[in-house]
Amino acid sequence: SFFRVASATCADSTERFEIDGISNGKKTCEWVARLKTEERCSKYKETRLFCPQTCDLCNCVDSTERFEVDGFGPTKTCEWAGRRDTVNRCSLEEVKENCPATCKQCYSWCFDSSTRFT
């Protein structure tokens, strides 16, 4: 499971990027989408960073549906997950998958700048 991106800031890069471990040139998000997309997205962290849309990481919204959590009785909601003991509840795969925003599985793009501040 990978961090998902807040939908408002989620877009594939148009830039070419290097992938650690691949020596034959820079790649694009089109390359990621062309063949073995799921494998490329899970294997290379650079693809997830530069191609969140292609890698299906743009859906950082909690589900509004009820869902089952093994060992926790009746169906649950993301409100339940956030009400108390959130860290432990979010460690459960069913909760993490259904409640990415509550479980802080989202992030916005932030890059360090090489520009010197004055």
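**Entry 1**

I started at Cys103, which counts as buried at 8% relative accessibility. The cut-off for buried is under 20%, so 8% puts Cys103 in that class. The model I am reading is predicted. Next I looked up the partner. A disulfide joins Cys90 to Cys103, with 2.0 Å from S to S. Where do the two ends of this pair lie? Cys90 is in helix α5, residues 86-90, and Cys103 is in the loop between α6 and β2. The pair therefore ties together parts that are 13 residues apart in sequence. I then read the torsion about the S-S bond of Cys90 and Cys103. It is about -80°, so I noted this disulfide as left-handed. Cys90 has 10% relative accessibility and therefore counts as buried.

**Entry 1: the disulfide count**

How many disulfides does the count give? It comes to 4 disulfides. I followed up the pair of Cys90 and Cys103 above, and the pairs Cys29 with Cys51 and Cys78 with Cys99 below.

**Entry 2: Cys29 and Cys51**

I went to Cys29, whose place is in helix α1. Cys29 and Cys51 form a disulfide, and I read 2.1 Å between their sulfur atoms. This pair links distant parts of the chain, 22 residues apart. Cys29 sits in α1 (residues 29-34), while Cys51 sits in the loop between α3 (45-50) and α4 (78-83). Left-handed or right-handed? The torsion about the S-S bond of Cys29 and Cys51 is about -90°, so this disulfide is left-handed.

Then I checked cover. Cys29 has a relative accessible area of 7%, so I put it down as buried. Cys51 is at 0% relative accessibility and therefore counts as buried.

What does Cys29 touch beyond its neighbours within four places in sequence? I listed Asp12, Ser13, Phe17, Phe50, Cys51 and Thr54 as its contacts. I also looked up Arg16, which is 13 residues from Cys29 along the chain. Their C-alpha atoms are separated by 8.0 Å.

**Entry 3: Phe17 and Phe50**

A search of the whole structure finds 2 aromatic pairs. Phe17 and Phe50 form one that is stacked, with 4.6 Å centre to centre and 0° between the planes. Phe17 lies in the loop between β1 (4-5) and α1, and Phe50 lies in helix α3. They are 33 residues apart in sequence, so the pair ties together separate parts of the chain. Buried or exposed? Phe17 is at 2% relative accessibility and therefore counts as buried. Phe50 has a relative accessible area of 24%, so I noted it as partly exposed.

**Entry 4: Phe72 and Trp80**

I turned to the rings of Phe72 and Trp80, whose centres are 5.7 Å apart. Their planes meet at 70°, and edge-to-face needs over 60, so the pair is edge-to-face. Phe72 is partly exposed, with a relative accessible area of 36%. Trp80, at 10% relative accessibility, counts as buried.

**Entry 5: Cys78 and Cys99**

I looked up Cys78 next. A disulfide joins Cys78 to Cys99, and S to S is 2.1 Å. Cys78 lies in helix α4, and Cys99 lies in the loop between α6 (93-98) and β2 (106-107). The pair therefore ties together parts that are 21 residues apart in sequence. I read -90° about the S-S bond of Cys78 and Cys99, and this link is left-handed. Both Cys78 and Cys99 are buried.

**Entry 6: Arg40 over Trp31**

I checked for a charge over a ring. Arg40 lies over the face of Trp31, at 3.7 Å from the ring centre.

**Entry 7: the chain as a whole**

From the N terminus on, I read the order as β-α-α-α-α-α-α-β. Of the 118 residues, 30% are buried. The accessible surface comes to about 8200 Å², and 48% of that belongs to carbon and sulfur atoms. Among contacts with a separation of 6 or more, 55% are between residues 24 or more positions apart.

Last, I checked confidence. The mean pLDDT of the chain is 84. I noted that 82% of the residues reach 70 or more.

Methods:
Residues numbered from 1 in each chain as written. Predicted model: local features only at pLDDT ≥ 70, side-chain atom pairs only at ≥ 80, totals over all residues. Heavy atoms only, no water. Disulfide = S-S within 2.5 Å. Helix = DSSP H or I, 4+ residues; strand = E, 2+ residues; numbered from the N terminus. Buried < 20%, exposed > 50% of the residue type's maximum accessible area, 1.4 Å probe, protein only. Phe/Tyr/Trp six-rings, centres within 6.5 Å; stacked < 30°, edge-to-face > 60°. Lys NZ or Arg CZ within 6 Å of the ring centre and 35° of its normal. Contact = heavy atoms within 4.5 Å. Areas by Shrake-Rupley, 256 points an atom, 1.4 Å probe, with all protein chains shown as cover. pLDDT = per-residue confidence, 0-100.
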